[in-house]
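Good morning, and thank you for the time on today's agenda. I shall speak about charged and aromatic side chains, taking them in turn. Please look at the structure as we proceed.

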Amino acid sequence: MKNVKTLIEALKSFYNQETISYPIGEWPGKKYSNIPETLRGKPIIDEEKCIGCEACYNACSAFTIKFFEDGNERKYNIDINKCVFCGRCEDVCPEDAIKLSNEFELTHFPERKEEKRYVKWIKLLKDCKNCGEKFAAIDQINKIHERISLNINPKVSEEALKDYEIYSNYCPKCRKILSYKIGINPTKYYLRLGRG
């Protein structure tokens, strides 16, 4: 009897679908699996939101987020083959620019390695006005300005923001060396507030 049922199923398979979508799909006529909402799949970057702060790079537990500088660009990539999908990058991103999607089919042929293996994005860098070194992403500098504007003590806001316009054009090393020369040394704020 068992063999007859098997034979009937085998004959049906000549006319019916044999291969089913993995792991989701419908067959025969009903859903047999779901992608959980909490699945941690391929990371997706919102380049508009990313400010290039490198928080994701510093938090990556598998050291799979890399970047290198090329001219005035900083090029980031996530190697999907090495990613453990722990979600640390998503947790630490201050701008909610990185999210783990539910895309899980990540295998690829070698000829599509660049396209499928890496998640890539680029940020433009700022040159130091004094030494010419590239020191930070332009979007990061702009975001800092925005946050300072919202949170700074009103007693010093006008002058501090004016200083920031100058300050943000120099790398950390040149800021230290030139702070008195270009008038951005913070001691003046303490003196004004009666703390010096």
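Let me begin with a definition: a residue is called buried when its relative accessible area is under 20%, exposed when it is over 50%, and partly exposed in between, using a 1.4 Å probe and protein chains only. By that rule Trp121 is buried, at 3% relative accessibility.

A word on the source. This is a predicted model, in which local features need pLDDT of at least 70 and side-chain atom pairs count only at pLDDT 80 or more, while totals for chains, interfaces and linings use all residues. Residues are numbered from 1 along each chain as its sequence is written, and side-chain values use heavy atoms, with hydrogens and water left out.

I turn to the aromatic rings. Rings of Phe, Tyr and Trp (for Trp, its six-membered ring) form a pair if their centres lie within 6.5 Å; planes under 30 degrees apart are stacked, those over 60 are edge-to-face, and the rest are tilted. How many aromatic pairs does a search of the whole structure find? The search finds 4. One of them joins Tyr57 and Phe67 edge-to-face, with 4.9 Å from centre to centre and 70° between the planes. Tyr57 belongs to helix H2 (residues 55-59) and Phe67 to strand E4 (residues 65-70), 10 residues apart. Helices (H or I, at least four residues) and strands (E, at least two) are DSSP runs, numbered from the N terminus. Tyr57 is partly exposed at 34%, and Phe67 is likewise partly exposed at 26%.

The rings of Tyr76 and Trp121 also pair: their centres are 5.0 Å apart and their planes lie at 10°, so this pair is stacked. Because Tyr76 is in strand E5 and Trp121 in strand E7 (residues 118-127), the pair ties together parts that are 45 residues apart in sequence. Tyr76 is buried, at 3% relative accessibility. Tyr57, Phe67, Tyr76 and Trp121 together form one aromatic cluster.

Next, the charged side chains. A salt bridge requires a side-chain nitrogen of Lys or Arg within 4 Å of a carboxyl oxygen of Asp or Glu. The count by this rule is 10. Among them is the bridge between Asp79 and Arg117, at 2.7 Å from N to O. Here Asp79 in strand E5 (residues 73-79) is linked with Arg117 in helix H4 (residues 113-117), 38 residues apart.

Glu69 and Arg74 form another salt bridge, their closest N and O atoms being 3.0 Å apart. Glu69 is partly exposed at 40%, whereas Arg74 is buried at 5%. In the bridge between Asp127 and Lys134, the N to O distance is 2.8 Å; Asp127 is partly exposed at 40%, and Lys134 is partly exposed at 28%. Glu95, Lys143, Glu146 and Arg147 are linked in a network of salt bridges.

Finally, consider Arg175, in helix H7 (residues 172-178). Arg175 is buried yet has no salt bridge, and the nearest side chain of opposite charge, Asp163, is 12 Å away. What does the charged end of Arg175 sit over? It sits over the ring of Tyr167, 4.2 Å from the ring's centre. That description requires NZ of Lys or CZ of Arg to be within 6 Å of the ring centre and within 35 degrees of the ring normal. Leaving aside neighbours within four places in sequence, Arg175 is in contact (heavy atoms within 4.5 Å) with Phe135, Tyr167, Tyr170 and Ile184.

Conventions: Lys and Arg count as positive and Asp and Glu as negative; His and the chain ends are not counted.
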